[in-house]
Each structure stands twice: as structure tokens, then as C-alpha cells.
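User: I'd like to learn how to read a few features of a model. Could you walk me through them?

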Amino acid sequence: MGAEAKKAKVVQEVAEEQIDAQLVLNVEKLHDIQEELDKINEEVVEKVLEINQKYSEVRKPVYDKREDIIKTIPDFWLTAFMSHPLLCGLLSEEDQKIFKYLSSLEVEEFKDVQSGYSISFNFNSNPFFEDSKLTKSFTFLDEGLVKVTATKIKWKDGKGLPNGVAHDKKGNKRPHEEDESFFSWFSETQQEDDVEDVDDEIADAIKDDLWPNPITYFNNETDEVDFEGDESDQEEDGSDDDDIDGDDDGGEKDEGN
């Protein structure tokens, strides 16, 4: 190898080392920037929780006022449940009879909203169970753990969950069975230990969907929107069919000529 070739090789190696060093430096800078962003995001989460905590307290008297009016409307919560796309499939015929005695529903976030919430069903005196209040609570612990507790229902003689049919551990509804009961949602989690990554679809539907705006489901407004959409789709399909028929007719006439 000549002197010029050796010199070129040395220059190339030095350049590559400089590029590698610069790459490492840039990656380290990106890590520093990401750490800065993570700190900002943590501050955002804390601020959001503070705001949520503040407005949770502000909403409470308004929810109470709403509940006073709801109590004057017969079968309000039963109607809202039966109009909800997920919850409607969870109430058996026997459950619907029990829901006739439901006087109020309440979703209550703990004083520190970050620590959890509870869902309570308040019942008038009824022939099914002794309890006047059924509650299911979700307490958020460290390291992503959630403690789930629920009222042990004191069924009256001759009453109870039919055939022990229940939902699965995550609250998801199994394929419909004739004797399936919504109230198994309470018994399944009754004595659970701390569990990780709880995904309770029933709790989510009540807390995040039904509870904030139950009048939407009581009025069955969601079905009306879907129905209007179905009608427009049918009209479009009909117009397409007409065009196709028209083309076919035209084609036949052309062939005749």
C-alpha cells in the first residue's frame, strides 16, 4: 500500500471516529431532553389530578340535585341501563324486577381522586335481599395494583344468584345465558386480593359513560342517532341500486337497437 493510500485510510478512520463520537453525544443529548419532557409530563398529570379533584367537589352538589329529580321519575335507572349498548345485555328478567326497587345510583371518587372510586346502588325495601346499599370499590395502590372489594349480598330465603352463573374476573360478560345475573358482578370480586391491571368493563361503562350523562340513555338518544345513520345508509344503497338498474335497462335498449 502506497503512502497516499495509507494517509487516506488514516483520514477515513479519524473521520469515522469523529462521527461515532458525535453520534454518541447527540444520543446523550436526546436522553437529556427526554428526561426534561418526562418531568414536564409528570407535572401535567399532577395538575390534571388537582383540577379533577377540585371539580369533583364542585360537581357533587349538582349530582345531588340531579339525583333528587331522578327519584321522581319511575324506573329511571332501569330504563337507562336497558338503553345502554353494553349494560342492557347484563340484566336478566329477574334483575329487571330487582332494579324496579333501585332508588338511586352513585359514583363517588375518593377524596384523593388518584386513590380510587366506588359505585353504589341504593335500593328500597324489596323481597330479594336485605341490603339497602350495594357497593363495589376500586382502590388504586402502588406499582399498578388495584384492590377490588364489593358488598356480600344478603339474599332472602329462596332468592340468590340463579345457578351460580357469573361474569368473568374482569367483569366482562360471557356469552349470554338465560340465567345470567348482573348481581354476580358483586359476588365475583367479594374477597379478591390485590390484583394488577384490573379491566372491569362494567365499572368503566357505569363510571365513565352512564353516570356522567344518564339522560342520553334514558331518552334512548344514542339509538336515534344510529337509526338515522342506518336510514341514510339505506337511502344511499337504494340510489346505487337504482343507478345499476338504470344502467341495465339502458344496456338492454342498446342491444335491442
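User: Where is the place of Glu35?

Analyst: Glu35 sits in helix α1 (residues 3-70). Helices (H or I, at least four residues) and strands (E, at least two) are DSSP runs numbered from the N terminus. Before we go on: this is a predicted model, where local features need pLDDT of at least 70, side-chain atom pairs count only at pLDDT 80 or more, and totals for chains, interfaces and linings use all residues. Residues are numbered from 1 along each chain as its sequence is written, and side-chain values use heavy atoms, with hydrogens and water left out.

User: Is Glu35 buried or exposed, or something in between?

Analyst: Buried means under 20% relative accessible area, exposed over 50%, and partly exposed in between (1.4 Å probe, protein chains only). Glu35 has a relative accessible area of 48%, so Glu35 is partly exposed.

User: Which residues form the negative surface patch?

Analyst: Patches take residues with over 30% relative accessible area and no salt bridge, joining like charges within 9 Å and nonpolar side chains (Val, Leu, Ile, Met, Phe, Trp, Tyr) within 5 Å. A salt bridge is a side-chain nitrogen of Lys or Arg within 4 Å of a carboxyl oxygen of Asp or Glu. The negative patch here is made by Glu28, Asp32, Glu35, Glu36, Asp38, Glu42, Glu43, Glu46 and Glu50.

User: And which residues make the nonpolar patch?

Analyst: Leu30, Ile33, Leu37, Ile40, Val44 and Val48 make a nonpolar surface patch of about 530 Å². Ile33 belongs to helix α1 and is partly exposed at 45% relative accessibility.

User: Why is helix α2 described as largely enclosed?

Analyst: Six of the eight residues of α2 (residues 76-83) are buried, so the rest of the structure largely encloses this helix. Those buried residues are Phe76, Trp77, Leu78, Ala80, Phe81 and Ser83.

User: What about the phi of Asp75?

Analyst: Most residues other than glycine have a negative phi. Asp75 has a positive phi, near 55°, and lies in the loop between α1 and α2.

User: How do I read the strand pairing, and which strands pair with β3?

Analyst: Two strands pair if DSSP finds at least two bridges between them. Strand β2 (residues 116-123) and strand β3 (residues 133-140) are antiparallel, with seven bridges. Strand β4 (residues 145-150) also runs antiparallel to β3, joined by five bridges. Follow Ser137 in β3: Ser118 stands opposite Ser137, and Thr149 is the bridge partner of Ser137 in β4.

User: What do β3 and β4 form?

Analyst: They form a hairpin with four residues between them, and Glu143 in the turn has a positive phi of about 60°.

Note on methods. Areas by Shrake-Rupley, 256 points an atom, 1.4 Å probe, with all protein chains shown as cover. Lys, Arg positive; Asp, Glu negative; His and termini not counted. Charge placed at Lys NZ, Arg CZ, Asp CG, Glu CD.
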